[in-house]
Amino acid sequence: MINLLKNKKISKTPFRKEVLAIFNKYNNAIPLSVVEKELKAFNRITLYRTIKVFLEKGIIHEITINGEVSNYAICKEECDTLGHHHQHIHFKCTSCGIIFCVEVDKFPTIILPKYKINQLEIQAIGLCQNCNL
Ligand SMILES: [Zn+2]
Ligand SMILES: [Zn+2]
Ligand SMILES: [Zn+2]
């Protein structure tokens, strides 16, 4: 976790470490309200700045499904300041409302003649493994 901050060349302030630890704790994407609940004390501006830096540095990514509130999750793939390169699907469970980053064996390659794809996101909606029993 500390190495993650080091590799992405951003300074490891105690607050950044604390926020990163929260994202690491969850196996799914979380909205800012969850991060705020987990933090003992925080300054809203500092938190927004931290989230912005994490997004820009490829440490976390933002997921918005159907225009709902943004969720954030740790980037497991090689994301950096040049962009996010995810090879997983964003799955929203209609029962528990949680958004998951789901790894797939083979992420499709899509070629659009005359268009240049910088980022490809696949979103799915249904029942997660906990709700689909
Ligand atoms: Zn990413
Ligand atoms: Zn569910
Ligand atoms: Zn994801």
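Student: Which pattern does the protein follow, read along the sequence?

Tutor: Keep in mind that this is a predicted model. Read along the sequence, the pattern is α-α-β-α-α-β-β-β-β-β, which comes to four helices and six strands. The radius of gyration is 16 Å, close to the 14 Å that the globule rule gives for 133 residues, so the protein is as compact as a globular protein of that length. The C-alpha trace spans about 45 × 40 × 25 Å along its principal axes.

Student: How much of the protein is made up of buried residues?

Tutor: Buried residues account for 16% of the 133 residues. As for contacts, take those between residues at least 6 apart in sequence: 53% of them join residues at least 24 apart.

Student: Now a helix. Which residues of H2 are buried?

Tutor: The general idea first. An α-helix has 3.6 residues a turn, so residues three or four places apart point the same way. In H2, the buried residues are Val19, Leu20 and Phe23. They cover an arc of only 100 degrees around the axis, which puts them on the same side of H2. The face turned away from that buried side carries the exposed residues Pro14, Ala21, Asn24 and Lys25. H2 itself covers residues 14-25 and reaches 17 Å from its first C-alpha to its last, close to the 16 Å expected at 1.5 Å a residue.

Student: Which residues of the largest nonpolar core touch the most other members?

Tutor: In soluble globular proteins, nonpolar side chains tend to be buried together. Here the largest nonpolar core has 15 residues, and those touching the most other members are Phe23, Ala29, Ile60, Tyr72, Ala73, Ile99 and Phe100. At least two residues of this core come from each of H2, E2, E3 and E5. For one of its members, alanine 29, the contacts beyond four places in sequence are Ile63, Asn71, Tyr72, Ala73, Ile99, Phe100 and Cys101.

Student: On to strands. How many bridges join E4 to E5, and do they run parallel or antiparallel?

Tutor: Five bridges join E4 (residues 88-93) to E5 (residues 99-103), and the two strands run antiparallel. Lysine 92 has isoleucine 99 as its bridge partner in E5. The hairpin has five residues between the strands, and glycine 97 in this hairpin takes a positive phi near 80 degrees.

Student: Which residues other than glycine have a positive phi?

Tutor: Asparagine 66 is one of them, with phi near 55 degrees. Another is lysine 114, with phi near 75 degrees. Asparagine 66 lies in the loop between E2 and E3, and lysine 114 in the loop between E5 and E6.

Student: Are these two buried or exposed?

Tutor: Count the other C-beta atoms within 10 Å; a residue with 12 or fewer is exposed. Asparagine 66 has 7 and is exposed. Lysine 114 has 4, so lysine 114 is exposed too.

Student: And alanine 124: where is it found, and is it buried or exposed?

Tutor: Alanine 124 is found in strand E6 (residues 122-126). With 12 C-beta neighbours inside 10 Å, alanine 124 counts as exposed. Leaving aside neighbours within four places in sequence, its contacts are Ile89 and Phe91. Alanine 124 and isoleucine 65 are 59 residues apart in sequence and 9.0 Å apart in space, C-alpha to C-alpha.

Definitions and conventions:
Residues are numbered from 1 along each chain as its sequence is written. Chains are lettered from A and ligands numbered from 1 in the order in which they are written. This is a predicted model: local features need pLDDT of at least 70, side-chain atom pairs count only at pLDDT 80 or more; totals for chains, interfaces and linings use all residues. The radius of gyration is taken over C-alpha atoms; the globule rule is 2.2 Å times the number of residues to the power 0.38. A residue is buried if 20 or more other C-beta atoms lie within 10 Å of its own, exposed if 12 or fewer, and partly exposed in between; C-beta atoms are placed from the backbone. Two residues are in contact if their C-beta atoms, placed from the backbone, lie within 7 Å. The expected span of a helix is 1.5 Å times one less than its number of residues. The arc is that of the directions from the helix axis to the C-beta atoms. Two strands pair if DSSP finds at least two bridges between them. A nonpolar core is a set of buried Ala, Val, Leu, Ile, Met, Phe, Trp, Tyr and Cys residues joined through C-beta atoms within 7 Å.
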